[in-house]
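Visitor: Please show me the model, and let us then discuss the terms used for it and the grounds for each.

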Amino acid sequence: MMKIKYYPGILFLLSMLILCTLPGLAFDTSQTLEYEGSFLLSQQTLNHTLTLEIDYFHEITDNIFLEGDLMIRATNKEIGQPIVIAPNEIYLSGYSIIENLDIKAGKIINRWGAADIFSPLDNFNPAPPEVSLTKQKSKIGALGISGTYYLGNSTYLYGVILPRVMPTPYPDEFLKSNYLLNYVSGLPGQEFDISKVELNYQETENIVWGLRLTHSFPTFDAGISYYRGNYMDPFPVNLSISPENMMEFTLGYPSKQVIGLEFQGEFPGIEGATLRGDLAYVIPEKWELQGNTLLEEPYFQAIISADYTTENNLYLNGGFIYGLPFERGNECSPYIYLNTSKEIENYDFKPFYAGVFSLKDASMMNVIGVDYQLTDSVSASINYSFLLEDEQSKLSQFERSQGIYLSLKWLF
Amino acid sequence: MLNKKNNNQYFIIFIIVGLFFAFNLVAVASQQLTADEITDKVKENQADYQNSKTQTEMVLIDQDGKEEIREILMFKKDEGDDKITMLMRFLSPKSVEGVTLLSIENGDKIYLYLPAYQKPRRIAGSSKQENFMGTDFSYEDLSMDYQNDDYQRELLKETEKQYILKAITSDEELSYSQFILYVNKEKFYVEKVEFFALDGQHTKTLEIKEVNFDDEGKITPMKMEMNDIIDKHQTQMNINEIDYNLDLSDSFFTIRTLQRPRL
């Protein structure tokens, strides 16, 4: 089974290697080899991940390109796929084939919203199932078509259609242990282990689509958007227990609509800083599990942040968040966050700090570390992540990620 | 009679001498160019183009002499009224490869495309005063704003080889309070610019080390050095290739170009 699972990836890799070496069909490539190691305090485990990412493009004509990136990854993380050999993106892009229209078709990534992290408007592609405060999350490509129509040089209309939902790739074992933790405690007298849990997935048949209109004003850009698709994290639909104490979860992906407003630029009264904001009004499908309503009422999510660099090269990015990505409906609550780093003159070290503080229960997640540029193409980063909280706090989702992290990256 | 004749001769000599001095005064006055005339001549001598494409090597040197070399591709478009729109992409090293900047009309609108973000990011207009990507050039410096007509100019000094001009403004929205420009007297191009911050402190010096003259005598700076006096840091820009008046579409200098894999 394992071998069959990886055949398409290996086949793709071989095809790429052959294509890259064919005369007249040369690809422009750049590669990143990254090692990530972590010691997680809550589980006392040492994790290793090695990733080779190959970005490529081939110019078919002046206005048509074949673009993408191939990912080869091996990890022993509980929350990741052990081995990935697959194109994360592979698509044809056409620029001005039809006047004022640029299109992409294939396995694509669409990033909507103006905010750098936690944008509630960025709903087309899932991210690997980890929450990071320190870096822009990588996204996973999804099959689809996107187009941008340029109404002059300042107004743009974006459209995306994906034939099916691309869910967040949680490993089954992780979901099983999570559901056991959350649901078994409510079942007195029952004892389960993870091998006695079964997961079934309910198919979603919706086409995912969205439209977004942006305009560039003299000092800022603003846009409105509409998304119709699904949550990318699974929700339990049904829970049943067999006479052999086998627990069976049926999981589904509720549909949702998101009406969005975004802006970025400079506004009166805050000269010198770039303000970015995403506001989302989320209308979920009603979702129940055994009489308990998990989703019903529409709710707001928002992030508003400001970027500023001081005269002595201290970078500050701080803001207000209402609803983190794992919060829905009434769970959404207010936070403030700060992301800062300092360029030190004539040194290749760059210390940084990132933190999120819950205004509801005063819990706080912190990351403190240092980036080091060894050479033009080799960099390293080390950080310590820790949570200051009471039990069951709003930020307890970060509890698993407390630990020490190291990464080494080589670009070639 | 003799006296009258002599009087006429003196009068003629007086007229001739008077005319001689008058002509000389006019000639001297005509050689004494005003600051605005010098600036106009500098602008006239600049390469006249609708757009240009340059391949440039950028060398960043810190106070210990450690060098970092970057290669950039830069497109410029003359929008008229001293406004320049610029699209710049880093080609190397790998750590910045693909980073693309669009600065519209002297930085009135700035967009930065970082491949890791996969979307263009608008930068606040006031950020045009900040240094760009670790260089000693701010977004605004790249637009050569020291030639902007918003500055009032005066001729400070004239040496054997240079005119030294001062450009000054009271407009606090501009990044610098004044520039001192050193203009080559023979060829009328700016050889050196000293930048003074709003508090009056001399912060940077730009030196044009090498220029290229085309067939019409128009001038393009080919090698320049920007020295940050406060941080003791230097950025050298060496233009390796330059093309003028390319056939670029109207939409080239917009955000739709930022994500194109090849420019």
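Visitor: How much accessible surface does chain B have, and what share of it belongs to carbon and sulfur atoms?
Guide: The accessible surface of chain B comes to about 13600 Å², and 48% of that belongs to carbon and sulfur atoms. For chain A the corresponding values are about 20500 Å² and 60%. Such areas come from the Shrake-Rupley method with a 1.4 Å probe; for residues, only the protein chains shown count as cover.

Visitor: On what basis are the residues and values reported?
Guide: This is a predicted model, in which local features need pLDDT of at least 70 and side-chain atom pairs count only at pLDDT 80 or more, while totals for chains, interfaces and linings use all residues. Residues are numbered from 1 along each chain as its sequence is written, chains are lettered from A and ligands numbered from 1 in the order in which they are written, and side-chain values use heavy atoms, with hydrogens and water left out.

Visitor: Why is A:I54 called buried?
Guide: Buried means under 20% relative accessible area, exposed over 50%, and partly exposed in between (1.4 Å probe, protein chains only). A:I54 has a relative accessibility of 18%, so A:I54 counts as buried. Buried residues make up 46% of the 412 residues in chain A and 49% of the 263 residues of chain B.

Visitor: Where does A:I54 lie, and what does A:I54 touch?
Guide: A:I54 belongs to strand 2 (residues 45-59) of chain A; strands (E, at least two residues) and helices (H or I, at least four) are DSSP runs, numbered from the N terminus. Contact means heavy atoms within 4.5 Å. Not counting residues up to four places away in sequence, A:I54 touches A:T29, A:S30, A:Q31, A:G68, A:D69 and A:L70. A:I54 and A:Q31 are 23 residues apart in sequence, with their C-alpha atoms 4.5 Å apart.

Visitor: What makes A:Y150 and A:Y156 an edge-to-face pair?
Guide: Rings of Phe, Tyr and Trp (its six-membered ring) pair if their centres lie within 6.5 Å; planes under 30 degrees apart count as stacked, over 60 as edge-to-face and the rest as tilted. The structure holds 25 aromatic pairs over all chains. In this one the centres are 5.1 Å apart and the planes stand at 75°, so the pair is edge-to-face. A:Y150 is buried at 9% relative accessible area, as is A:Y156 at 3%.

Visitor: How do you know that B:K185 lies over the face of B:Y163?
Guide: The criterion requires NZ of Lys or CZ of Arg within 6 Å of the ring centre and within 35 degrees of the ring normal. B:K185 is 5.5 Å from the ring centre of B:Y163. The charged end of B:K187 likewise sits over the ring of B:F213, 5.2 Å from its centre.

Visitor: Which residues touch the most other members of the largest nonpolar core?
Guide: A nonpolar core is a set of buried Ala, Val, Leu, Ile, Met, Phe, Trp, Tyr and Cys residues joined through side-chain atoms within 4.5 Å. The largest has 43 residues, of which B:L101, B:F132, B:F179, B:V183, B:L206 and B:M237 touch the most other members. Strand 9 (residues 176-184) of chain B gives the largest share, four residues.

Visitor: How much area do chain A and chain B bury between them?
Guide: They bury about 3300 Å², 40% of it on carbon and sulfur atoms; buried area is the accessible area (1.4 Å probe) that two parts lose on being put together, summed over both. The contact takes 52 residues from chain A and 35 residues from chain B.
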